[in-house]
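This report goes through selected parts of one model, residue by residue and element by element. Please keep the sequence and the structure in view while reading.

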Amino acid sequence: METIGFGGGCHWCTEGVFQALRGVAQVDQGFIRSEAPWEAAAEGVIVGFDPAIISLATLIEVHLRTHSANGIYSPGGRYRSAVYVFTAEQRAVAELAIDQFASASREAPRTLVLAFVGFEPSEARYRNYYRTDPQRPFCRRYIDPKLDFIRRQFADNALPEAAAAKADLAPPRTE
């Protein structure tokens with residue numbers, strides 16, 4: 001099992017995206033910190049995954065394609081488009097995936113590759129936001145389209161819709 005972090009807008013959306021993928025064993029939603037000048041906590045998720053089932057490169061591609069990777073984010077603010085790495089190998093994979101995305105989209109993504117420094121989980125009432133009530137207006141408007149995109153564009157990696165909605169609601173890690 002490997003661990004990687006992602007930030008990209010709202011962590012409710014990011015959590016729902018990664019919970020819909022085969023090979024993802026755990027998604028913890030909360031606030032991630034990195035090194036200066038990105039030490040301010042930003043919304044994100046920590047993803048535990050099995051690289052024998054889904055590659056890190058695929059996870060990063062899903063991330064880049066399901067949020068505004070080319071959007072304007074304040075690096076010190078609450079939202080940050082980022083891949084939070086735990087190892088030098090992860091950094092190399094992330095940088096290559098972002099370069100390939102930029103080449104394919106012909107736009108320079110603003111997604112940062114940052115060292116993971118710390119994590120604070122969201123309040124319990126916000127965790128597993130999509131899974132606990134996918135009929136919320138926010139879920140229908142913002143998360144459902146991302147999940148539909150995954151089912152179309154990453155069909156081999158997507159959990160069946162019913163399985164994604166009923167997967168175990170494991171408690172978050174505390175790091």
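## Residue H11

H11 is part of helix α1, which spans residues 11–19; helices are DSSP runs of H or I of at least four residues, strands are runs of E of at least two, and both are numbered from the N terminus. With a relative accessibility of 5%, H11 is classed as buried (under 20% relative accessible area; over 50% is exposed and anything in between partly exposed, with a 1.4 Å probe and protein chains only). The model is predicted, so local features need pLDDT of at least 70 and side-chain atom pairs count only at pLDDT 80 or more, while totals for chains, interfaces and linings use all residues. Residues are numbered from 1 along each chain as its sequence is written, and side-chain values use heavy atoms, with hydrogens and water left out.

The side chain of H11 makes a polar contact of 2.8 Å with the side chain of E43. A polar contact is a pair of N or O atoms within 3.5 Å; within protein, one must be able to donate a hydrogen and the other to accept it, and residues adjacent in sequence count only if both atoms are side-chain atoms. Apart from neighbours within four places in sequence, H11 is in contact (heavy atoms within 4.5 Å) with Q29, G30, F31, E43, G44, V45 and S122.

E43, the polar partner of H11, is one of the residues of strand β3. This strand covers residues 42–49, and eight of the eight are buried, so the rest of the structure largely encloses it. In a regular strand the side chains alternate between the two faces of the sheet. In β3, A42, G44, I46 and G48 point one way, E43, V45, V47 and F49 point the other way, and all are buried.

Strand β1 (residues 2–7) runs antiparallel to β3 and is joined to it by five bridges; two strands pair if DSSP finds at least two bridges between them. One of the residues in these bridges is T3, whose bridge partner in β3 is G48. Strand β2 (residues 24–33) is also antiparallel to β3, with eight bridges joining the two. Here V24 has F49 as its bridge partner in β3.

## Helix α2

Helix α2 takes in residues 56–65, and seven of its 10 residues are buried, so it is largely enclosed by the rest of the structure. The buried residues are L56, T58, L59, I60, V62, H63 and L64.

E61 and R65, also in α2, lie four residues apart, about one turn of the helix. They form a salt bridge, with the closest N and O atoms 3.0 Å apart (a side-chain nitrogen of Lys or Arg within 4 Å of a carboxyl oxygen of Asp or Glu). R65 is partly exposed, at a relative accessible area of 37%, and E61 is partly exposed at 33%.

## Further salt bridges

The structure holds five salt bridges. Among them is the one between E123 and R125, where the closest N and O atoms are 2.9 Å apart. E123 is partly exposed at 47% relative accessibility, whereas R125, at 56%, counts as exposed.

R151 and D148 also meet through their side chains in a salt bridge, at 3.3 Å from N to O. These two residues are in helix α5 (residues 137–153), and because they are three residues apart, about one helical turn separates them. R151 is partly exposed at 24% relative accessibility, and D148 is partly exposed with a relative accessible area of 37%.
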